[in-house]
Amino acid sequence: MGSTNFGNFDAFCRDSTLPVCNVLSTNHDQRGFGGCDLQGIPLSGGRYLGNLGSILLCGVAIVVSALLLLRSERKKAAVGRREMQLFLLGYIIMEICEIFTVGEFPLSGTVRVAFTGIHIGMIIANTWILLLNAVVGYQILDDGTPLSIGLMLISGAVLFVGTGYITLDTGYHWTNEFTPDPNNHYRNIALYVLYQLAPLIFLVAFYVLEAVLVLRILGEVRPMIYLTGAALLFAIGQIFNYVISPYICNGTSGKIDGALFETLFTLLSVVMIWVFWSSITEDDWPIASQPTGYP
């Protein structure tokens with residue numbers, strides 16, 4: 001694959017603010033890739049608060065997710081209640097990490113790499129947990145049982161540990177197996193697959209499984225509005241971060257970039273996923289051939 005762009009991160013880190021860039025950069029931050037650098041708010045000692053907008057939105061996302069988590073607790077009869085709460089808890093952890101990885105909160109490079117390892121590990125683990133939430137809807141296993149939660153936690157932990165190790169090895173150079181090389185486009189096949197491709201595959205599979213559940217089993221259309229809305233909001237956030245970000249950064253002289261909007265639209269997408277889940281577990285569907293556990 002040496003003649004392809006597969007596995008290369010140079011263009012991504014040049015044009016976008018991504019957590020993975022922290023472990024590829026020499027200084028373990030978002031700078032040095034030849035693109036528009038966020039100027040942030042200058043602090044003492046040559047430090048700066050790079051992305052205040054993203055930090056504030058991460059705080060909002062944490063509060064909103066916590067409220068949804070508590071609201072889920074009140075839905076005693078809802079299918080997949082514990083599993084949805086697990087997803088929301090994972091998202092909260094992601095947003096806490098994002099304050100330090102994308103928000104560029106002033107930290108030492110060593111600490112930032114640690115937060116980046118947790119962040120990227122949680123991204124793949126939590127998208128996997130979201131996929132399993134779709135599987136729970138088919139009632140193959142009873143939801144909320146130790147077996148269901150245990151399988152979700154163990155499989156998610158395996159992905160978290162494996163991805164986290166590769167991320168930390170890339171940043172700390174424990175084995176030099178994943179040492180970033182700017183002369184080779186910062187190529188890292190393992191992180192490319194785990195960070196760029198695997199979460200996308202999990203999300204597409206989640207959408208397909210839920211669409212089949214709603215249209216073929218529940219025989220309803222309205223929940224698809226929420227599900228498709230969540231997909232569109234997430235896609236818009238990614239477009240802002242990967243495509244529009246350099247234009248925003250250059251146009252505002254480095255005051256903000258697409259990461260702020262990515263955080264916002266991802267939060268809105270998570271809210272819509274929760275609304276979708278709530279709609280298919282609480283409403284009274286007028287059909288007989290639905291999975292056990294749906295009202």
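Begin at D15, which is partly exposed at 23% relative accessibility (buried means under 20% relative accessible area, exposed over 50%, and partly exposed in between, with a 1.4 Å probe and protein chains only). The model is a predicted one, in which local features need pLDDT of at least 70 and side-chain atom pairs count only at pLDDT 80 or more, while totals for chains, interfaces and linings use all residues. Residues are numbered from 1 along each chain as its sequence is written, and side-chain values use heavy atoms, with hydrogens and water left out.

**Stop 1: salt bridges**

R14 is itself partly exposed, at 38% relative accessibility. Side chains of opposite charge can pair when their charged atoms come close.

The structure holds three salt bridges. Select E73, R81 and R82 next: these residues are linked in a network of salt bridges. From E73 to R81 the N to O distance is 3.4 Å; between R82 and E73 the closest N and O atoms are 2.7 Å apart. How exposed or buried is each member? E73 is partly exposed, with a relative accessible area of 26%, and R82 is partly exposed at 35%. R81, by contrast, is buried at 12%.

**Stop 2: the whole chain**

Zoom out and colour by secondary structure. The chain has nine helices and two strands (DSSP runs, H or I of at least four residues for helices and E of at least two for strands, numbered from the N terminus). In sequence order the pattern is α-α-β-β-α-α-α-α-α-α-α. The radius of gyration is 20 Å, close to the 19 Å that the globule rule gives for 295 residues, so the chain is as compact as a globular protein of that length. That radius is taken over C-alpha atoms, and the rule is 2.2 Å times the number of residues to the power 0.38.

The C-alpha trace spans about 65 × 40 × 35 Å along its principal axes. Of the 295 residues, 50% count as buried. The chain exposes about 13,300 Å², with carbon and sulfur atoms supplying 68% of it (Shrake-Rupley method with a 1.4 Å probe; for residues, only the protein chains shown count as cover). Among contacts between residues at least 6 apart in sequence, 71% join residues at least 24 apart; contact means heavy atoms within 4.5 Å.

**Stop 3: the largest core**

Select F9 and V20. Within the largest nonpolar core, which has 54 residues, these two have the most contacts (such a core is a set of buried Ala, Val, Leu, Ile, Met, Phe, Trp, Tyr and Cys residues joined through side-chain atoms within 4.5 Å). The helices that each supply at least two residues of this core are α2 (21-24), α3, α4 (81-101), α5 (109-136), α6 (146-172), α7 (189-218), α8 (222-251) and α9 (258-282). Which residues does V20 touch, not counting those up to four places away in sequence? They are F9, T116, I120, L191 and Y195.

**Stop 4: the second core and I55**

A second, separate core of five residues includes I55, C58, I99 and F100. Centre on I55, which sits in helix α3 and is buried at 13% relative accessibility. Apart from neighbours within four places in sequence, I55 is in contact with L49, I99, G103 and F105.

**Stop 5: a patch on the surface**

Stay in helix α3 (residues 52-73) and move to L56. L56 is exposed, with a relative accessible area of 54%. With I41, L43 and L52, L56 makes a nonpolar surface patch of about 320 Å². Patches are made of residues with over 30% relative accessible area and no salt bridge, like charges being joined within 9 Å and nonpolar side chains (Val, Leu, Ile, Met, Phe, Trp, Tyr) within 5 Å.

**Stop 6: the loop between α6 and α7**

Finish with H173, in the loop between α6 and α7. H173 is not a glycine, yet its phi is positive, about 60 degrees; its relative accessibility of 33% counts as partly exposed. Y186 lies in the loop between α6 and α7. Its phi is near 55 degrees, a positive value in a residue other than glycine. Is Y186 buried or exposed? Y186 is buried, at 11% relative accessible area.

Conventions
A salt bridge is a side-chain nitrogen of Lys or Arg within 4 Å of a carboxyl oxygen of Asp or Glu.
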